[in-house]
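Reader: I am new to this structure and would like to learn how to read its charged surface. Could you walk me through it?

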Amino acid sequence: MSNRKKELKKKDPRGSKFFRFAYSTIGWVFRAFFNMRVVNREKEPPYGGYVVCANHVSAVDPIVVCLAFRQHQVHFMAKKELFKIPLLAPLIRSLGAFPVDRGGNDVGAVKHAVNIVSNGCCLGIFPQGHRYVGVDPRETKTKNGAALITARVGAPVVPVYIWRKNNKMKLFGKTYVIIGDAIPFEEFEYSKDESGVYARMTDRIFDRVCTLGEGFDPKEYKKNRKSSK
């Protein structure tokens, strides 16, 4: 067994000790900066081994998604250049990030992502591939990485929509993180012999993501919260 697999088997789905310490001690600071509200927090699956897919607007989105999930640490890929920065590299590794070469077909990063999910931990992916500021997510292109990893593991997908006014990040501007119902792997009706199967799966995943945002009204959400108290 490789050292990387041994390391993964020892991992707590809730994250490293450093991650849990940071989450519990300074997480509230980031929540305040981002003015975060988590909608449907109860839909976070109780068990790990799933892929979280969200729309992508800001560089802080990985932090926002991590803060929205309480029972599991969500691991994200990050461009390999960040891991060459002396002080930043150990920090983001401790927070669960791992490097990926965006300029090519990084087989090692894909294998590591598959191992994360296979070992009961959670992987975060932005199907759009990079940030789209001020753009309707439905009008953007998507990549098939999430579908590929989901198919390799047979894992469910948890759709998440990061709602911000006009799809733009503003400090202290409201950020709503909407968690949707998990999509069971069986629902994808995956067949390795189907041409274009990953593109079809990606379309279904991202449709669920976008639908969460399109059906959300912040004023209605506040109204319903007040009436339920």
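Reader: Is lysine 168 buried, partly exposed or exposed?

Author: Buried means under 20% relative accessible area, exposed means over 50%, and partly exposed lies in between (1.4 Å probe, protein chains only). With a relative accessible area of 43%, lysine 168 is partly exposed. This is a predicted model, where local features need pLDDT of at least 70, side-chain atom pairs count only at pLDDT 80 or more, and totals for chains, interfaces and linings use all residues. Residues are numbered from 1 along each chain as its sequence is written, and side-chain values use heavy atoms, leaving out hydrogens and water.

Reader: Where does lysine 168 sit?

Author: You will find lysine 168 in the loop between β6 (157–163) and β7 (175–179). Strands (E, at least two residues) and helices (H or I, at least four) are DSSP runs, numbered from the N terminus.

Reader: How many salt bridges does the structure hold?

Author: A salt bridge is a side-chain nitrogen of Lys or Arg within 4 Å of a carboxyl oxygen of Asp or Glu. The structure holds 7. One of them joins arginine 138 and aspartate 207 (3.0 Å, N to O). Arginine 138 is in the loop between β5 (122–125) and α7 (145–153) and aspartate 207 is in helix α8 (residues 197–214), so this pair ties together parts 69 residues apart in sequence.

Reader: Which residues are linked with Arg138 in a network of salt bridges?

Author: Asp207 and Glu214 are linked with Arg138 in that network. The side chains of arginine 138 and glutamate 214 meet at 2.5 Å, N to O.
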